[in-house]
Amino acid sequence: TSHAEFDVLIPDIECDKQVGADLDNDGDLEVPYVENLELPCDTLFPFTLEYRFTVTNTGETPLLNVQICDPELVADARAAGLIVGPCALCNDPACDGTGDTCAPLPALAVGAPPATATCRIRVPSRAAWEAFAARDTDGRPNHYSNVSTAMANVNAAAICDRPALWTQANQ
């Protein structure tokens, strides 16, 4: 008879996107990170939004080439006249909205602390805010939402670090 055993390791990744507000543009968030930001009615312009993207390896395999991607955020902000930066999604300091969709993150070992990236967006006026809120096509005024995703490659070396256990009994 022969006998083979193998262990299937399952990769898994989770991402979380939150936003906070720096109402006086001093670099500190007066409204901490939340999933659904509601600003006070008396919020004055300009103010700054800070998006925080968090990626966690929740699987059983190490992850390489980890990225957080938000294909619309920078382009929507720039098209509405908002000022973007610093922003990890931008592929160069100009952050002109061309190809500014993904932020590279460090490799994530199993059980490693989450990796984060941020993107600051300054809202200079009510008109700019309204233009930004209209870009997501949800039909809700004074509301902006979109989707971000996390991507990574599985470190195959960690999965195939030894051959399957194989035994054969001679009869």
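Predicted model: local features only at pLDDT ≥ 70, side-chain atom pairs only at ≥ 80, totals over all residues.

Modeller: What follows covers the sheets, a few backbone details, one leucine and a pocket.

Colleague: In the five-strand sheet, what is the strand order?

Modeller: The order is β3-β2-β4-β8-β6, an open sheet with antiparallel pairing. The edge strands are β3 (31-34) and β6, each pairing on one side only. Neighbouring strands are turned by 20 degrees against each other on average, direction ignored. Strands here are DSSP runs (E, at least two residues), helices likewise (H or I, at least four), numbered from the N terminus. Two strands pair if DSSP finds at least two bridges between them. For the angles, axes are lines fitted to C-alpha atoms, for helices over the stretch in contact, and the angles run from 0 to 180 degrees between N-to-C directions.

Colleague: How many bridges between β2 and β4?

Modeller: β2 and β4 are joined over 10 bridges, antiparallel. Within that pairing, C15 stands opposite V55, and D16 has T54 as its bridge partner.

Colleague: And on the β8 side of β4?

Modeller: β4 pairs with β8 (residues 115-123) over nine bridges, also in the antiparallel sense. There V55 has A115 as its bridge partner in β8.

Colleague: Is β4 mostly covered or mostly open?

Modeller: Mostly covered: nine of the 11 residues in β4 are buried. Buried means under 20% relative accessible area, exposed means over 50%, and partly exposed is in between, with a 1.4 Å probe and protein chains only.

Colleague: Which strands make up the three-strand sheet?

Modeller: β7, β5 and β9, in the order β7-β5-β9, open and with antiparallel pairing. β7 (102-104) and β9 (149-154) each have a single partner strand, so one side of each is left without a neighbour in the sheet. The twist there averages 25 degrees from one strand to the next. β5 (residues 63-69) and β9 pair over five bridges, with V154 in β9 as the bridge partner of L63.

Colleague: Changing topic. Where are the cis peptide bonds you noted?

Modeller: One runs from F45 to P46, with omega near -5 degrees, and P46 lies in the loop between β3 and β4. Another joins G85 and P86, with omega about -10 degrees. P86 lies in strand β6.

Colleague: What about positive phi at non-glycine residues?

Modeller: N25 has a positive phi of about 55 degrees. N25 is in the loop between β2 and β3 and counts as partly exposed, because its relative accessibility is 25%. N65 has a positive phi of about 50 degrees. N65 is in strand β5 and is exposed, with a relative accessible area of 54%.

Colleague: L82 next. Why does it count as buried?

Modeller: Because L82 has a relative accessibility of 4%. L82 sits in the loop between α1 (73-79) and β6 (83-87).

Colleague: Which residues is L82 in contact with, leaving aside neighbours within four places in sequence?

Modeller: A77, I121, R122, V123, P124, A128, W129 and F132. Contact means heavy atoms within 4.5 Å.

Colleague: W129 is in that list. Which residues lie nearest the centre of the largest pocket?

Modeller: L37, E38, W129, N142 and H143, out of 24 lining residues. A pocket here is an open set of points on a 1 Å grid over the protein atoms alone, where a 1.4 Å probe fits, with protein on both sides within 12 Å along at least five of seven lines; lining residues have an atom within 4 Å of a point.

Colleague: How much space lies in it?

Modeller: About 690 Å³ lies in the largest pocket. That volume is the space filled by probe spheres set on the points, with grid points joined across faces, edges and corners.

Colleague: Which elements supply the lining?

Modeller: β2 (13-22), β4 (47-57) and α2 (126-134) each supply at least two residues, and β2 gives the most, with four.

Key
Residues numbered from 1 in each chain as written. Heavy atoms only, no water.
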